[in-house]
Amino acid sequence: MRNRRTALLATAALAGTASLWGVSATATAAPTATSVLTYDATGANVPVGAKLTASLAAGTTAKLTTTASGSTGVTCSGSAIEATVATNPTAPGTATENNVKQTFNAATCTSNILGTTGVSSITISPLLTASVTSAGVLTVNGPITATAVLKSVFGNVNCVYSAASISGTTNNADDSINFSNQLLTKTSGSTTCPSSSYFTAKYAPVTGPGGAVSVN
């Protein structure tokens, strides 16, 4: 009993000494490390499994042009992307996403490609994966297949394009994803279909269940 009492007194003395030197004797939990993807409003890390979505930035359009930065092609004012967070490691690092889906609202699309009168549909398949680095580099992994069904005076024309991957950048100023002149090459379709298609679009803001998302 005496030994136990002596030990308790020694512990108390040590605790008092620690307090005198400004060090708390009570252990505190280490702060949570910042991950690559966080919510703007709270700074909380985006959890694995969170669904992220974004539509075209206000006042912008998505374009599939026959030449880089050209004016001939398909233009849409309605498009959206979504993805599910697969991994979100401590920054700096690379977060990954799966079930990446991109859609276009054909009712908002126009075409000025010679021989066409409009757009019936644009589809991207299959569901894809993506990665985003702390440096703000976004890569959508392929193979990517884009099918544009264009209207013509002779009926619909199917134009199929593919790419091994496409790359974009993120910007925390407006929580955006930006694609510029990403090349897709025709794999099938009539001579009405251009041999190449360059994809340009800006999606913002990217949001999840906790609000707008930043990249760290």
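1. Basis. The model is predicted, so local features need pLDDT of at least 70 and side-chain atom pairs count only at pLDDT 80 or more, while totals for chains, interfaces and linings use all residues. Residues are numbered from 1 along each chain as its sequence is written, and side-chain values use heavy atoms, with hydrogens and water left out.

2. Disulfide count. A disulfide is taken here as a pair of cysteine sulfur atoms within 2.5 Å. By that rule there are two disulfides. With the bonded cysteines of the protein chain numbered in sequence order, the pairing reads 1-2, 3-4.

3. Cys 76 and Cys 109. These two cysteines are joined with an S to S distance of 2.0 Å. The link connects distant parts of the chain, with Cys 76 in strand β4 (residues 73–76) and Cys 109 in strand β7 (residues 109–111), 33 residues apart. Strands are DSSP runs (E, at least two residues) numbered from the N terminus; helices would be H or I runs of at least four. The torsion about the S-S bond is about 110°, so this disulfide is right-handed.

4. Burial of that pair. Buried means under 20% relative accessible area, exposed means over 50%, and partly exposed lies in between (1.4 Å probe, protein chains only). Cys 76 is buried because its relative accessibility is 1%. Cys 109, at 8%, is buried too.

5. Cys 159 and Cys 193. The sulfur atoms of this disulfide are 2.0 Å apart. Here, too, distant parts of the chain are linked: Cys 159 is in strand β11 (residues 155–171), and Cys 193 is in the loop between β12 (176–188) and β13 (196–203), 34 residues apart. The link is left-handed, with -80° about the S-S bond. Cys 159 is buried at 1% relative accessibility, and Cys 193 is buried at 3%.

6. Strand β13. Six of the eight residues of β13 are buried, so the strand is largely enclosed by the rest of the structure. Two strands count as paired if DSSP finds at least two bridges between them. Strand β3 (residues 62–65) pairs with β13 in the antiparallel sense over three bridges, and Thr 65 has Tyr 198 of β13 as its bridge partner. β12 and β13 also run antiparallel, joined by seven bridges. Asn 178 stands opposite Lys 202 in β13.

7. Which side chain meets Lys 202 in a salt bridge? It is that of Asp 174, at 2.8 Å, N to O. A salt bridge requires a side-chain nitrogen of Lys or Arg within 4 Å of a carboxyl oxygen of Asp or Glu. Asp 174 lies in the loop between β11 and β12 and Lys 202 in strand β13, so the contact ties together parts 28 residues apart in sequence. Asp 174 is partly exposed, with a relative accessible area of 27%, and Lys 202 is partly exposed at 27%.

8. Glu 82 and Lys 51. The search of the whole structure finds two salt bridges. One of them is between the side chains of Glu 82 and Lys 51, at 3.7 Å, N to O. Because Glu 82 lies in strand β5 (residues 79–87) and Lys 51 in strand β2 (residues 51–55), this pair ties together parts 31 residues apart in sequence. Glu 82 is partly exposed at 28% relative accessible area, and Lys 51 is partly exposed at 44%.
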